[in-house]
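Reader: Please take me through one part of this model in detail. I would like the strand pairing, then what surrounds it.

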Amino acid sequence: MRFRCLVDVYLKEGLLDPQGKAIEGALPAMGWSNVSDVRVGKNVTMEVEAPDRDTALTQVHEMAQRLLSNPVIEVFSVRSIEANEGVRFRDLR
Amino acid sequence: MTIVPRIGVVIFPGSLDDRDALRAVRAMGGEGVPLWHAERDLAGVDAVILPGGFSYGDYLRTGAIARFAPIMDQVRAFADRGGPVVGICNGFQILCEAGLLPGALIRNRQLRFVCRWVDVRVETTLSPLTAGLVPGEVLRVPVKHGEGQFVVSREELERIDGEGLVVFRYCAPDGSLDEAANPNGSADAIAGVRNGAGNVVGLMPHPEHAVDPDVGATGGQPMFESLLSSALARV
């Protein structure tokens, strides 16, 4: 089966996120003065071929741990894993 | 017959400072040996330098892809045997990603690329770059990076400091710590760290750009002298 997987990666809480800070600094100039704690993360999306959903999840978890994130500074979460028997993501572009 | 230490410089796709590193090794009396990232052999060198640059375009995270290059298995094995390994700038980022050094390097606090001379204070002599130096000694070398802010958790920072793993700190010319001298917002003004065994060291500043008096300060000379003697100790 083919699974569409979404992984989010963020800097750990407590680490200053310089990009988030820059965005936070720019928003009041546009009139939004009610914004705080902006964090910028990464979103990785991929197709994984696996016999079942659990196997795909285990594999994506390991990918996220070993490559997609750096555990020293980042945390990740696997946002979704959905069976994708239909159109491939790349075909939509 | 004089024994000349052979210093390997790994070239990744996107490395920039490999030639300056090789040139600095030669200028200081060593033999520079270029090592291609796709090789699985260190050609019998006595020390390894991972040079600066933007390996793999800094994609994902700086150093994140380069750490999986074929030659890195050999670099890790060499480090495990006690071989001197030096990571400069992108090389430092690669060593952190590979888990050979503590901490990580993220975007500079002020969000700007920084390119200027800095002064760094030697904090320990237990590293291949500082073996012949004196703690407290101040060396002038350049930095040029967008992602050089050294970060670790609070507990890890205490451990690194407590175990004497900090090798260099950004400082004022007189050696005093001054936040204005910290070019990227690094935790505790840390410019370079070593591993527990003391044979792997990484730093953001570029000693290889500071060995020729014709182009500026020469704070890199004593670091390369130290590296050559650390390498010789293994010949």
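Author: Strand S4 (residues 85-88) and strand S11 (residues 200-203) of chain B run parallel, joined by 4 bridges. Strands here are DSSP E runs of at least two residues, numbered from the N terminus. Two strands pair if DSSP finds at least two bridges between them. Val86(B) has Val201(B) as its bridge partner in S11(B).

This is a predicted model: local features need pLDDT of at least 70, side-chain atom pairs count only at pLDDT 80 or more, and totals for chains, interfaces and linings use all residues. Residues are numbered from 1 along each chain as its sequence is written, while chains are lettered from A and ligands numbered from 1 in the order in which they are written.

Now the sheet. It is open, with 9 strands in the order S2-S1-S3-S4-S11-S10-S9-S6-S7 (chain B) and mixed pairing. Strands S2 (31-36) and S7 (138-145) of chain B stand at the edges. Each has a single partner strand, so one side of each lacks a neighbour in the sheet. Direction ignored, neighbouring strands are turned by 25 degrees against each other on average. The axes are lines fitted to C-alpha atoms.

Next, the core. The largest nonpolar core has 76 residues. Such a core is a set of buried Ala, Val, Leu, Ile, Met, Phe, Trp, Tyr and Cys residues joined through C-beta atoms within 7 Å. Buried means 20 or more other C-beta atoms within 10 Å of a residue's own, placed from the backbone. Ile7(B), Val48(B), Leu95(B) and Leu227(B) have the most contacts inside this core. Apart from it lies another core, of 9 residues, including Ala56(A) and Phe76(A).

Note on methods. A residue is buried if 20 or more other C-beta atoms lie within 10 Å of its own, exposed if 12 or fewer, and partly exposed in between; C-beta atoms are placed from the backbone. Axes are lines fitted to C-alpha atoms, for helices over the stretch in contact, and angles run from 0 to 180 degrees between N-to-C directions.
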